[in-house]
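Please read the numbered points with the sequence and the model at hand.

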Amino acid sequence: MSKVSSARCRWQNPVLTMLTDEQISTIRSRFPILREKTYLYNCSQGALSDAAETGLRAYLESWRTSGAPWNDWIDVYDAMRADFARFVNAHPDEIAILTSASAGINAIASALEFAERPKVVMGEYEFPTMGQIWLAQQKRGAQIEFLEGADNAIPLEAYERSIDRRTAIVPLTQVSFLNGFRADVAAITAIAHASGALVFLDGFQDCGTRPIDVKALDIDFYVTGTLKYLLGPPGLAFLYVKRSLIESLIPTITSWMAQRDVFAYNTQTLDPASEARRFEGGSPGMPSIYAARPALQILTGIGLQNVAAQIALLTRSFLQGTRSLGVASKTADSSVGPLVVLRSLDPSALVARLNENGIVVSARRDGARFSFHVYNNLADVTKVLSVLAANLPLLVRL
């Protein structure tokens, strides 16, 4: 057995929670950009792997050679649904395949009624599209309540005070794109459900970095996309809808692919599917699906517990290093990643300095964002800390 094959077998051992240097090196070899860059841009776009490239070539080959490529593509589309369902411990019937997280949020928002339960309660650190989509429901009677943060966190008590019998839904980011704050999903879900409110979890900044079990969390809706930590391209997202809720929700945003019989082609009939497919848009983005499936398989092959352990190691080392430099962080010292946001006096200039040194990061507002994945290593952390030490005037000091 080759070293690569042997390593892949060991990654699938659920007992293993810390990858060896050899295994990390093998993983890194599958991401060409890592030969030239220190890639900490995962919160915006995951690195391209050889597996995703192979998937795209398979799509092009199928298009080039098949007389009826949609016959093959629909099978791949259904397989993608099953793959992601296993990834989050859901049934395939509970998964909708979409082109964006926004499409999934919109589908659910359009299906809710706000007459008896008008309130939508969410923290101020949600991604803009989450706030904007629910604000757009104000014309339909929704009343949006934003919870203020304190020290880059949303106190649990704020949810306890605001969620009541008039609350329809609680949109909740798993990890905030602004500061790396990780919400207490279980506690907030319990508070919401005690008042009869639904919970919509946005896992975009976390999915692919650790195991996710939508059943164990008892959330009602879950949305994520492939372009960040799932290591896929833009144009592909997933919506989980709890089985017991699906048929009670009729979205006003729909499509031919959302119908019970997709190929009935009955223009004068609206007959939504009994599965989560009723929340889907039009024809699926097959290039993105072809690229995302093998990328997802990389993560499952490594094992999500192993991915989480590597990210936690890097995050803790990075936070310890920034504390030693006296740099102020928006992210809690206790964070296990994947996103660490440092306060900067000039984030654009800092990002430019880092880019000049081959380090790819991003900025939001007054923060420089450093996001780790399983293919990063401690050498990456050391290099970043060295560049930060040379640019302390651009950083907020403790």
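1. Contact here means heavy atoms within 4.5 Å. With neighbours within four places in sequence left aside, Ser162 is in contact with Lys119, Val121, Glu145, Leu147 and Thr167. Ser162 belongs to helix 7 (residues 156–162); helices (H or I, at least four residues) and strands (E, at least two) are DSSP runs, numbered from the N terminus. The relative accessible area of Ser162 is 7%, and the residue is therefore buried; buried means under 20% relative accessible area, exposed over 50%, and partly exposed in between, with a 1.4 Å probe and protein chains only.

2. On the basis of the model: this is a predicted model, in which local features need pLDDT of at least 70 and side-chain atom pairs count only at pLDDT 80 or more, while totals for chains, interfaces and linings use all residues. Residues are numbered from 1 along each chain as its sequence is written, and side-chain values use heavy atoms, with hydrogens and water left out.

3. On confidence: pLDDT is the predictor's confidence in each residue, from 0 to 100. The protein chain has an average pLDDT of 94, and 96% of the residues score at least 70. Over residues 1–16, however, the pLDDT is below 50, although this stretch has 21 contacts in the model beyond near neighbours in sequence. Where pLDDT is low, the predicted coordinates should not be read in detail.

4. On Gly123: this residue lies in strand 3 (residues 119–123). Gly123 counts as buried because its relative accessibility is 2%. Its contacts, apart from neighbours within four places in sequence, are Phe146, Leu147, Ile154 and Tyr159. Between Gly123 and Ala309 there are 186 residues of separation in sequence and 28 Å in space, C-alpha to C-alpha.

5. On the cavity: which residues line the largest cavity? They are Gly123, Tyr125, Glu126, Ile154, Tyr159, Leu172, Thr173, Phe181 and Ala183. The structure holds one cavity of 30 Å³ or more, and the space in the largest cavity is about 40 Å³. On a 1 Å grid over the protein atoms alone, a cavity is a set of points where a 1.4 Å probe fits but cannot get out, and a pocket is an open set with protein on both sides within 12 Å along at least five of seven lines; lining residues have an atom within 4 Å of a point. Grid points are joined across faces, edges and corners, and a volume is the space filled by probe spheres set on the points. The cavity lining comprises six nonpolar, two polar and one charged residues, where Ala, Val, Leu, Ile, Met, Phe, Trp, Tyr, Cys and Pro count as nonpolar, Asp, Glu, Lys and Arg as charged, and the others, Gly among them, as polar.

6. On the pocket: the largest pocket has a volume of about 340 Å³. Its lining consists of 25 residues, and Ala101, Phe127, Thr129, Phe204 and Lys228 lie nearest its centre. Helix 5 (101–111) and strand 7 (221–225) are the elements that give two or more residues to this lining, with helix 5 giving the most, at three residues. By class, the pocket lining has 11 nonpolar, 10 polar and four charged residues.

7. On the cysteines: a disulfide is counted as a pair of cysteine sulfur atoms within 2.5 Å, and the count is zero. The cysteine sulfur nearest to that of Cys43 is that of Cys207, 15 Å away, and Cys43 is in no disulfide. Cys43 is buried, with a relative accessible area of 1%; Cys207 is also buried, at 2%.

8. On backbone geometry: a cis peptide bond, with omega about 10°, joins Gly337 and Pro338. Pro338 is in the loop between helix 11 (304–325) and strand 9 (339–343). Two residues other than glycine have positive phi values: Leu231, near 65°, and Tyr265, about 55°. Is each of them buried or exposed? Leu231, in the loop between strand 7 and strand 8 (237–241), is buried at 2% relative accessible area. Tyr265, in the loop between strand 8 and helix 10 (286–302), is exposed at 60%.

9. On Ala292: this residue is placed in helix 10. Ala292 counts as buried, since its relative accessibility is 3%. Not counting residues up to four places away in sequence, Ala292 touches Met80, Thr226, Pro233 and Leu236.
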